[in-house]
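Here are my notes on this model, as numbered points. Please read them with the coordinates open.

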Amino acid sequence: MSNAEVERFVADLKSNDGLRSELSGHASGVGSVVAFAKDKGYDIDADEASAYIHGQAGRELNDDELDAVAGGKGNETSTSQTSVATEVSAAAAAIAVIVLT
């Protein structure tokens, strides 16, 4: 178990529409996301997931993410992917607040 495994799971979510779509139907908190990840073969636990989420909650958005949030220019695919990544980051931040309080 390592932070690298959490990062691999997040990278796969960003690049795999099917995995992301499947997760969206099951995710209701860190525990359910971890259970989903384990079911898919990722070796992570709730503490690692929470630590990753906590680390991401304070990060600044990159230019593409800011453009998507602000309704900026971009092709539909990259805007959709950025929007999903931004939504995932926002959801992760919300989960982090719930878990850490």
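1. Tyr42 lies in the loop between H3 and H4. Helices here are DSSP runs (H or I, at least four residues), and strands are E runs of at least two, numbered from the N terminus. Tyr42 is buried, at a relative accessible area of 8%. Buried means under 20% relative accessible area, exposed over 50%, and partly exposed in between (1.4 Å probe, protein chains only).

2. A word on the basis. This is a predicted model, where local features need pLDDT of at least 70 and side-chain atom pairs count only at pLDDT 80 or more, while totals for chains, interfaces and linings use all residues. Residues are numbered from 1 along each chain as its sequence is written, and side-chain values use heavy atoms, with hydrogens and water left out.

3. What does Tyr42 touch, not counting residues up to four places away in sequence? The list is Glu5, Arg8, Phe9, Asp12, Leu19 and Ala37. Contact means heavy atoms within 4.5 Å. Tyr42 and Val6 are 36 residues apart in sequence, yet their C-alpha atoms are 7.8 Å apart in space.

4. Now the overall fold. The protein chain has six helices and zero strands. Its pattern along the sequence is α-α-α-α-α-α. Of its 101 residues, 27% count as buried. Among contacts with a separation of 6 or more, 51% come from residues 24 or more positions apart.

5. Helix H1 covers residues 3-15, 13 residues in total. From first C-alpha to last, H1 reaches 18 Å, close to the 18 Å expected at 1.5 Å a residue. The expected span is 1.5 Å times one less than the number of residues.

6. Which residues of H1 are buried? They are Glu5, Val6, Phe9, Val10 and Leu13. Seen down the axis of H1, they fall within an arc of 140°, so they line one face of the helix. The arc is taken over the directions from the helix axis to the C-beta atoms. An α-helix has 3.6 residues a turn, so residues three or four places apart point the same way. The cover over the buried residues of H1 includes H2 (17-24), H3 (30-39) and H4 (46-57).

7. Glu5 deserves a separate look. This H1 residue counts as buried because its relative accessibility is 16%. Glu5 touches Gly41, Tyr42, Asp43 and Ile44, leaving out residues up to four places away in sequence.

8. H1 against H2. Their axes come within 5 Å and cross at roughly 105°. Axes are lines fitted to C-alpha atoms, for helices over the stretch in contact, with angles from 0 to 180 degrees between N-to-C directions. H1 and H2 are therefore roughly perpendicular. The classes are roughly parallel under 35 degrees, roughly antiparallel over 145, roughly perpendicular from 65 to 115, and oblique for the rest. Phe9, Asp12, Leu13, Lys14 and Ser15 of H1 make the contact with Asp17, Leu19, Arg20 and Leu23 of H2.

9. H1 against H4. Here the axes come within 9 Å and cross at roughly 70°. H1 and H4 are therefore roughly perpendicular to each other. Asn3, Val6, Glu7 and Val10 of H1 meet Glu48, Ala49 and Tyr52 of H4 in this contact.

10. Last, Ser32, placed in helix H3. Ser32 touches His26 and Ala27, not counting residues up to four places away in sequence. The C-alpha atoms of Ser32 and Ala46 are separated by 9.4 Å, at 14 residues apart along the chain.
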